[in-house]
Amino acid sequence: MPTDNSHDMQACIDACSHCHQICLQTAMNHCLESGGKHLEPEHFRLMINCAEICQTSLNFMLSGSRLSNHVCGVCATICDACAESCEKLDGMEECARACRKCAESCRSMAS
């Protein structure tokens, strides 16, 4: 029985969209307001990069690009790194969860 690739892709589109939204909102609100370690350049830059790659991955899938699996692979790597960074800080649980879910979904699309 064939797998439902369109269902998998829609799940990945949804995960990328959610991760983009959560990373951007959390960085621009929670991190900016919390200061300290939340604004350390490596962490803050990673959050913005994660939001950007999620949006890019989403755009590649929505456009039907035959290269979207490559972008999804990169997205999974960046989402894992962002989740790891977020898990070290207070109040970042929702962002870490969104990143982990997106990474898992993107990894399945990349394979």
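The protein chain exposes about 6,400 Å², of which carbon and sulfur atoms supply 52%; accessible areas come from the Shrake-Rupley method with a 1.4 Å probe, and for residues only the protein chains shown count as cover. The model is predicted: local features need pLDDT of at least 70 and side-chain atom pairs count only at pLDDT 80 or more, while totals for chains, interfaces and linings use all residues. Residues are numbered from 1 along each chain as its sequence is written, and side-chain values use heavy atoms, leaving out hydrogens and water.

**Fold and dimensions**
- The protein chain contains 4 helices and 0 strands, where helices (H or I, at least four residues) and strands (E, at least two) are DSSP runs numbered from the N terminus.
- In sequence order the pattern is α-α-α-α.
- The C-alpha trace spans about 50 × 25 × 20 Å along its principal axes.

**Burial and contacts**
- Buried residues (under 20% relative accessible area, 1.4 Å probe, protein chains only) form 41% of the 111 residues in the protein chain.
- Among contacts (heavy atoms within 4.5 Å) with a separation of 6 or more, 67% join residues 24 or more positions apart.

**Ala83**
- Ala83 lies in helix H3, which covers residues 68-86.
- Ala83 counts as buried because its relative accessibility is 0%.
- Not counting residues up to four places away in sequence, Ala83 touches Ala96, Cys99 and Arg100.
- Val71 is 12 residues from Ala83 in sequence, and their C-alpha atoms are 18 Å apart in space.

Terms used
Buried means under 20% relative accessible area, exposed over 50%, partly exposed in between (1.4 Å probe, protein chains only).
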